[in-house]
Amino acid sequence: MDFEVTILGSGTLVPSGTRRSAGHFITCGSTRMLMDCGSGTMHGMARWGAAWDRITHILLTHFHTDHVGDLAPLLFALSHGLSPRRTDPLTVVGPPGIHRLMNRLAEAFGAYVLAPGFPLEVLELERDSVWSDESCGLGVSTHPTRHTDTSVAYRLETDTGTVSYTGDTGPQTGLGKFFQGTELMIAECSYPDPPRVETHLTPCGLATLAKEASPDLLVVTHIYPELDSDAVPGLLAQAGYGGRVRVAEDGLVVSLAGGEARVR
Ligand SMILES: [Zn+2]
Ligand SMILES: [Zn+2]
């Protein structure tokens with residue numbers, strides 16, 4: 001079974017000509033998942049050949065617009081932009097507050113957000129929970145992150161491989177252990193050292209996290225302009241992380257098989 005992760009958006013909330021806001025398209029067997037859907041993600045799916053029309057799950061880490069900005073536009077497209085109309089179900093998964101967000105988006109934009117014309121399930125997960133979708137053999141675990149009062153990181157498991165994603169976080173007790181044993185770890189690294197906020201990672205903070213997690217491949221994303229993205233692998237090495245590192249770019253595809261993550 002192929003397990004592939006496409007980076008749709010490697011950027012932040014800052015407009016960029018090359019980096020869309022956060023979004024990842026994940027395919028494994030019958031699962032076609034969007035993990036975060038920041039601004040530009042929807043058009044990124046079209047740009048990189050992701051089957052946006054047949055998406056089965058949307059997972060959200062938190063409710064900042066660089067992670068959820070394309071949620072309503074995507075539901076609008078799925079509801080009104082397909083012929084013949086979509087009939088397959090869609091599951092939207094998010095941390096505490098996802099129901100409130102969906103209700104407010106429906107108030108602002110229209111009933112299609114909650115009733116797009118195909119079965120839509122909205123699932124609110126606690127910040128430290130495990131959920132599995134038996135229909136496709138997908139396991140989803142959450143862990144709190146130090147970013148907002150409800151933000152989470154995800155760990156996705158299938159028979160083929162395991163992917164972890166920080167969403168946005170600062171240094172967070174227990175997160176490295178939560179990520180252990182994942183082939184691919186996608187992690188934010190927003191700012192240069194020394195840290196100026198506790199709600200985002202710097203290279204030193206990420207190195208500490210990655211050392212404990214020890215993934216086969218670390219993909220670094222969500223880098224603000226004040227941190228030179230080309231310098232990040234060297235900064236992580238200086239901070240003591242010796243594992244494989246790749247700086248994310250829009251359109252990067254990583255395949256998982258046999259316990260390894262390979263950049264395609
Ligand atoms: Zn955020
Ligand atoms: Zn963000």
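Two strands are said to pair if DSSP finds at least two bridges between them. Strands (E, at least two residues) and helices (H or I, at least four) are DSSP runs, numbered from the N terminus.

Good morning. The structure is a predicted model, in which local features need pLDDT of at least 70, side-chain atom pairs count only at pLDDT 80 or more, and totals for chains, interfaces and linings use all residues. Residues are numbered from 1 along each chain as its sequence is written, and chains are lettered from A and ligands numbered from 1 in the order in which they are written.

I begin with the sheet. Seven strands make up an open, mixed sheet, in the order β7-β8-β9-β10-β11-β12-β13. At its edges stand β7 (130-133) and β13 (245-247); each has a single partner strand, so one side of each lacks a neighbour in the sheet. From one strand to the next, the twist averages 20°, with angles running from 0 to 180 degrees between N-to-C directions and axes fitted to C-alpha atoms, for helices over the stretch in contact.

What joins β12 to β13? Three bridges do, and the two strands run parallel. Opposite V219 stands R246 in β13. Helix α6 (residues 203-213) packs on the sheet and touches β11 (184-188) and β12; contact requires C-beta atoms, placed from the backbone, within 7 Å. The direction of α6 makes about 165° with that of β11.

I turn to G11, in the loop between β1 (3-9) and β2 (23-28). Is G11 buried or exposed? G11 counts as buried because it has 26 C-beta neighbours inside 10 Å; the cut-off for buried is 20 or more. Leaving aside residues up to four places away in sequence, G11 touches S16, R19, R20 and S21.

Definitions and conventions: A residue is buried if 20 or more other C-beta atoms lie within 10 Å of its own, exposed if 12 or fewer, and partly exposed in between; C-beta atoms are placed from the backbone. Two residues are in contact if their C-beta atoms, placed from the backbone, lie within 7 Å.
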